[in-house]
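Keep the 3D view open as you read.

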Amino acid sequence: MRRIHDAILAAGGSVLVITFEPPERIPFYVEAHGWPFAVVSDPTRAAYQAFGLGSAGWVTLFGPRVVLEYLGLMAKGYRPMGSDSDVHQLGGDFVIDADRRIVFAHRSNDPADRPAAEELLRALRSISSSRPCEG
Amino acid sequence: MLNTVNRTSDFAFIDASGATVRLFDMTKGPTILIFLRHLA
């Protein structure tokens, strides 16, 4: 996680993590996972809706791809902490440039459907490399 | 669905201290936005 974050900073970018959980839950999870990123809450999910993030039904949540993904994570030591939140809400990943144009968008189709960190980094670097030289 | 997060589509978030922060105040340059599922 730290290596990826350093690479993002080196590419001139930053990361903002958005959750719909209540803000008072943020510190616990940041500490538990060792996230080096800024984390904010969108409890009304206004941004989730605006960015077009959907909701997964039960069949999707327990589909083979998702089960395999979670089994793999648990084999690496991940232990779900439990949640009383909306488990149906899906996430997504976006890269926006300095003019707030969305240059990369990935809206998850299921909980295991996330782009690799390297894919996000490539999108970020494509912005940096297309920037006009100054000076 | 958004193509550009322009001035009319700025968003207000709440940080861990309970303060309201705006997307534009937190994203000065190229930014990766990661929308999470529930925290678990």
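This is a predicted model: local features need pLDDT of at least 70, side-chain atom pairs count only at pLDDT 80 or more; totals for chains, interfaces and linings use all residues.

Start at helix 6 of chain A, and look at what its buried residues pack against: helix 1 (2-10), strand 3 (92-96) and strand 4 (102-107) of chain A, along with strand 3 (31-35) of chain B.

Which residues of helix 6 of chain A are the buried ones? They are A:L120, A:A123, A:L124 and A:I127. Look down the axis of helix 6 of chain A and these buried residues fall within an arc of 95°, so they line one face of the helix. Turned away from that buried side is a face with the exposed residues A:E118, A:S129 and A:S130.

Now follow strand 3 of chain B over to another partner. It pairs with strand 1 (residues 14-19) of chain A in the parallel sense, over five bridges. To spot one of them, find A:S14, whose bridge partner in strand 3 of chain B is B:T31.

Finally, step back to the whole contact, which takes 53 residues from chain A and 28 residues from chain B. On the chain B side, strand 1 (12-14) and strand 3 each supply at least two residues. Strand 3 of chain B gives the largest share of that side, five residues. By type, the chain B side divides into 17 nonpolar, nine polar and two charged residues.

Methods. Residues are numbered from 1 along each chain as its sequence is written. Chains are lettered from A and ligands numbered from 1 in the order in which they are written. A residue is buried if 20 or more other C-beta atoms lie within 10 Å of its own, exposed if 12 or fewer, and partly exposed in between; C-beta atoms are placed from the backbone. Helices (H or I, at least four residues) and strands (E, at least two) are DSSP runs, numbered from the N terminus. The arc is that of the directions from the helix axis to the C-beta atoms. Two residues are in contact if their C-beta atoms, placed from the backbone, lie within 7 Å. Ala, Val, Leu, Ile, Met, Phe, Trp, Tyr, Cys and Pro count as nonpolar, Asp, Glu, Lys and Arg as charged, and the others, Gly among them, as polar. Two strands pair if DSSP finds at least two bridges between them.
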